[in-house]
Amino acid sequence: NHVFGHYRGLLQVWCSYNIFDSNIASNNGFGLQFQQENTFNIIQDNIFTRNSWRGLSFNPPNPSTSPGSTSNIIIHNYFLYNGLGQVLDYGDNQWDDGYPSGGNYWSDWQQPDQFSGVNQDITGSDGIVDVPRVIQGSNVDHYPLVCGLTDRNLNLVSGWNFISIPAEYPIINGLYVDSAYELAQATGAAMVSSWDADTQSYVNFISGFHLSNDPQDFPIELDEAYWVWRAS
């Protein structure tokens, strides 16, 4: 699932024993927000990118209604450029899968990877950041991941640009891109144009419409190239 452009991409209330796997939450207020009591959930292999408040949030406990969120497992997720500190966790949760499986990838926590081992005290890199990431309270990602998504930074010129889409994990300028609308958002383009081999004609997307409301929007195909127009 890909949720985009909402105040809350995903909201869970009183949610336990569920698995959140392979979702993409981008350009929301909160990517995934847990409220009230949420326990024993597994959040893994998700992408949280460019959410203006937090990528993932466990709200604080309420003494009169719930003890908050505890005993959740959050591993192998990608937290990319989320606005106010990536995540918020007032509970007591597990943020890594031990060594060498590791924890999560953080776009703002890429310190040197010069050591390896359970205690990160053996010379030699292992794909894990040497310094744990303290999240909040007792919550710590002891083994932050170094290997992240393919993130292409594109600086387009005025006029037409001819660009290709990464074959794996199409992140462009920090935004997960799988539609013409998102490609326009990521590049500041006014138009995205794709050649349709079936009709032997170009299909155009004009920026300014949400993909769900614009019949001319089209999905992005990996390894294909697109014409992108920037006015300035």
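In this predicted model, three strands make up an open sheet with mixed pairing and the order β18-β20-β21, where strands are DSSP runs of E with at least two residues, numbered from the N terminus, and two strands pair if DSSP finds at least two bridges between them. Because β18 (151-152) and β21 (175-176) stand at the edges with a single partner strand each, one side of each has no neighbour in the sheet. Strand β20 (residues 171-172) runs antiparallel to β21 and is joined to it by two bridges, and I172 stands opposite L175 in β21.

Residues are numbered from 1 along each chain as its sequence is written. Local features need pLDDT of at least 70, side-chain atom pairs count only at pLDDT 80 or more, totals for chains, interfaces and linings use all residues, and side-chain values use heavy atoms, with hydrogens and water left out.

Side chains of opposite charge can pair when their charged atoms come close. The structure holds one salt bridge, a term for a side-chain nitrogen of Lys or Arg within 4 Å of a carboxyl oxygen of Asp or Glu. R133 is buried, with a relative accessible area of 10%, whereas D108 is partly exposed at 43%; buried means under 20%, exposed over 50%, and partly exposed in between, with a 1.4 Å probe and protein chains only.

Terms used
Helix = DSSP H or I, 4+ residues; strand = E, 2+ residues; numbered from the N terminus.
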